[in-house]
Amino acid sequence: VQLQASGGGLAQPGGSLRLSCAASGSISNVGGMGWYRQAPGKQRELVATLTRGGSANYEDSVKGRFTISRDNAKNTAYLQMNSLKAEDTAIYYCNADILVRTGSPYRNYWGQGTLVTVSS
């Protein structure tokens with residue numbers, strides 16, 4: 001099982017980026033998916049999570065600017081980031097609870113990070 005994150009890059013303040021996180025491999029079901037970020041010199045923090053049923057949770061500083069969504073058929077989560085600020089600069093990591101086969105427990109997986117830089 002792999003989580004592949006993509007979509008990072010350079011954006012200007014006030015700009016937008018869209019991150020994608022695709023789960024692949026031998027997957028029976030994908031539960032909750034989420035995005036975390038780690039800025040230089042700081043601890044990794046939660047950005048947003050989304051249950052399979054569609055319940056979302058956001059870190060306070062991104063509420064109203066970021067939107068998490070998912071396509072269950074594609075086992076993919078997205079993070080639409082609007083009104084970007086310099087303080088959003090970080091490596092963004094995707095995370096998911098994945099069921100490999102029926103009867104086994106869900107396991108938590110991390111994707112590789114994708115760098116988001118917000119700068120003029």
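Student: How much space lies in the largest pocket?
Tutor: We are looking at a predicted model, where local features need pLDDT of at least 70 and side-chain atom pairs count only at pLDDT 80 or more, while totals for chains, interfaces and linings use all residues. Residues are numbered from 1 along each chain as its sequence is written, and side-chain values use heavy atoms, leaving out hydrogens and water. A pocket is an open set of 1 Å grid points over the protein atoms alone, where a 1.4 Å probe fits, with protein on both sides within 12 Å along at least five of seven lines; the points are joined across faces, edges and corners, and the volume is the space filled by probe spheres set on them. For the largest pocket this comes to about 150 Å³.

Student: How many residues of its lining are charged?
Tutor: Lining residues have an atom within 4 Å of a point, and here they include Arg37, Glu45, Arg65, Lys85 and Asp88. Asp, Glu, Lys and Arg count as charged; Ala, Val, Leu, Ile, Met, Phe, Trp, Tyr, Cys and Pro are nonpolar, and the others, Gly among them, are polar. The lining has two nonpolar residues and three polar ones, and the number of charged ones is seven.

Student: How many salt bridges does the structure hold?
Tutor: Side chains of opposite charge can pair when their charged atoms come close. A salt bridge needs a side-chain nitrogen of Lys or Arg within 4 Å of a carboxyl oxygen of Asp or Glu. One example joins lysine 63 to aspartate 60, with the closest N and O atoms 3.0 Å apart. In the whole structure the count is five.

Student: Is arginine 37 buried or exposed?
Tutor: Arginine 37 meets glutamate 45 in a salt bridge, at 2.7 Å from N to O. Buried means under 20% relative accessible area, exposed over 50%, and partly exposed in between (1.4 Å probe, protein chains only). Glutamate 45 has 32% and is partly exposed. Arginine 37 has a relative accessibility of 4%, so this residue counts as buried.

Student: Which residue meets aspartate 88 in a salt bridge?
Tutor: Aspartate 88 lies in the loop between β8 (76-81) and β9 (90-99), and its partner is 23 residues away in the loop between β6 (56-58) and β7 (66-71). These strands are DSSP runs (E, at least two residues), numbered from the N terminus. Both members of the pair are buried. At 2.7 Å from N to O, the partner is arginine 65.

Student: Which backbone oxygen does the side chain of arginine 65 reach?
Tutor: Arginine 65 also belongs to a network of salt bridges with Arg37, Glu45, Glu59 and Asp88. Its relative accessibility is 10%, so arginine 65 counts as buried. At 2.9 Å, its side chain reaches the backbone oxygen of serine 83.

Student: Which residue is the bridge partner of leucine 19 in β8?
Tutor: Two strands pair if DSSP finds at least two bridges between them. Strand β3 (residues 17-24) runs antiparallel to β1 (residues 2-6), with five bridges. Six bridges join β3 to β8, again antiparallel. There, the partner of leucine 19 is leucine 79.

Student: What distance separates the C-alpha atoms of threonine 76 and alanine 96?
Tutor: Threonine 76 is in strand β8. With a relative accessible area of 9%, threonine 76 is buried. Alanine 96 is 20 residues away along the chain, and the C-alpha separation is 9.8 Å.

How values were computed. Helix = DSSP H or I, 4+ residues; strand = E, 2+ residues; numbered from the N terminus. Polar contact = N/O pair within 3.5 Å; in protein donor to acceptor, adjacent residues only side chain to side chain.
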